[in-house]
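Take a look at the chain below.

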Amino acid sequence: MVTAVRHLGPNWYASVMGTAALALGGAALGAGGLRELCTGVWALSLLQLLVLLAARALHWAHHRDQALAHLRDPAVAPFYGCLAMALLAVGAGGLTLGRDWIGEPAAVALDSVLFVAGTAVGLVAAVAVPYLLAVRHRVEPGQASPAWLLPLVAPMVSAAVGPQLVPRLPPGQPREALLYGCFTLFGLSLLATLLMLTLVFARLVTAGPLPLALTPTVFLVLGPLGQSTTAVGAFADLAPGVVPAPYAAGFGLLAVLYGVPVMGFALLWLALAAAHVVRARRHGMRFAMTWWAFTFPVGTCVTGAAALGRHTGFAGYHWLAVGLYGLLVAGWLVAASGTVRGLLSGELLAAPRPAPAAPRPVTVRTTSGAVR
């Protein structure tokens, strides 16, 4: 077991995020018959989280050299944001769905612990990973990756799931503090994400498509878009009776005036990301753990569309959420089946294969005598 976890990276937390997103997305649709199934899916995400936390503890205890190498690798370090988001998503699922099985007090306690832990880890990652990129990793503009968004999106997940704990606090200042704190996390993550998103988009346009194995990470851009729309909807849900009336009404306006155009951009990016994936599949893209990018980001768009449906009253957003949820289910099935096959074969836990040697340059002389 100790040897098997040597190459277990922080990217594995994306599988927990994806499973929790499947549960939360179904809950957001409000279908009564779906709730029991979604509660079972949440329980699976909790089990995944516990197993991965134990495996990663073994990794740090027995393979510290490899763990430190992950931190020094600009392609791996950003995935530490996944740990924070996995904690937050499972905690939110516990209060939304798990309370049906474990009871309200246990669900509140679980969500509170995971919210505090996830928020703390997310804030550390949001500072540490960009710092490492600037000071230690020495990356070039052409190396910009959508994965760089992961640590910056983690505080946005805190902003989106934190408001459901507001009613569990004493009235007055404690509730205001949590709601304003979540709004602060929203702004922190949003502005940092906008800065990083320009680098990612510039890399796609100027340096060409991502390597085949990394192509699914283009879907990660949907995460901050859908999650921020979910967050402003949650603020509007909880603000009445918590903050003064003018501000409560302002949160309601923000939910619509911010959410509608951002959801429009999310749909545009979804089409762009799908086009990149179709191209990569035609060029031979095989399964990798990056395929979990098809789950959590899409799940945030499901909850975002559902929030817009609540606050606008427009049925189109409900059906958009249903359609996106169908896409989420398909993405989860593909990613989960590929992961199970990879675990059974041992391929996913094996050491990374060395990069193939670059072919020797070939000089070609054309009929005109020019050399190329």
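E104 is partly exposed, because its relative accessibility is 34%. Here buried means under 20% relative accessible area, exposed means over 50%, and partly exposed lies in between (1.4 Å probe, protein chains only). The model is predicted: local features need pLDDT of at least 70, side-chain atom pairs count only at pLDDT 80 or more, and totals for chains, interfaces and linings use all residues. Residues are numbered from 1 along each chain as its sequence is written, and side-chain values use heavy atoms, with hydrogens and water left out.

**Salt bridges**

What does the side chain of E104 meet in a salt bridge? Its partner is the side chain of R168, at 2.7 Å, N to O. A salt bridge is a side-chain nitrogen of Lys or Arg within 4 Å of a carboxyl oxygen of Asp or Glu. E104 lies in helix α5 (residues 104-137), while R168 lies in the loop between α6 (150-161) and α7 (173-207), so the pair ties together parts that are 64 residues apart in sequence. Helices are DSSP runs (H or I, at least four residues), numbered from the N terminus. R168 is partly exposed, because its relative accessible area is 33%.

The whole structure holds six salt bridges. Three of them are set out here.

| Pair | Closest N to O distance |
|---|---|
| R286 and E347 | 3.7 Å |

R6 has a relative accessible area of 25%, so R6 is partly exposed. D65 is partly exposed too, at 44% relative accessibility.

R286 forms a salt bridge with E347. Their positions are 61 residues apart: R286 is in the loop between α9 (245-282) and α10 (296-312), and E347 is in the segment after α11 (315-345). R286 counts as exposed because its relative accessibility is 54%. E347 has 41%, so E347 counts as partly exposed.

Which residues do salt bridges with shared partners join into one network? They are R99, E104 and R168.

**Residues at the surface**

P105 also lies in helix α5. With a relative accessible area of 65%, P105 is exposed. P105 and A84 are 21 residues apart in sequence, and their C-alpha atoms are 23 Å apart in space.

L68 belongs to helix α3. L68 is partly exposed, at 33% relative accessibility. L68 and V262 are 194 residues apart in sequence and 37 Å apart in space, C-alpha to C-alpha.

L44 lies in helix α2 (residues 32-62). Its relative accessible area is 36%, so L44 is partly exposed. Together with L47 and V51, L44 makes a nonpolar surface patch of about 260 Å². Patches are made of residues with over 30% relative accessible area and no salt bridge; like charges are joined within 9 Å, nonpolar side chains (Val, Leu, Ile, Met, Phe, Trp, Tyr) within 5 Å. The areas come from the Shrake-Rupley method with a 1.4 Å probe.

**Pockets and cavities**

Next come the empty spaces. Rolling a probe the size of a water molecule over the atoms shows where empty space is left. On a 1 Å grid over the protein atoms alone, a cavity is a set of points where a 1.4 Å probe fits but cannot get out. A pocket is an open set with protein on both sides within 12 Å along at least five of seven lines, and lining residues have an atom within 4 Å of a point. A volume is the space filled by probe spheres set on the points.

The second largest pocket has a volume of about 670 Å³. It is lined by 28 residues, and the closest to its centre are L24, T96, A160, Q164 and T230. Two or more lining residues come from each of α1, α4 (80-102), α6, α8 (222-238) and α10. α10 gives the most, with six residues. By class, this lining has 15 nonpolar, eight polar and five charged residues. Ala, Val, Leu, Ile, Met, Phe, Trp, Tyr, Cys and Pro count as nonpolar, Asp, Glu, Lys and Arg as charged, and the others, Gly among them, as polar.

How many cavities of 30 Å³ or more does the structure hold? There is one. The largest cavity has about 30 Å³ of space. Its lining is made by L222, A266, L267, L270, C301 and L324. α9 gives the largest share, three residues. This lining has six nonpolar residues, no polar ones and no charged ones.
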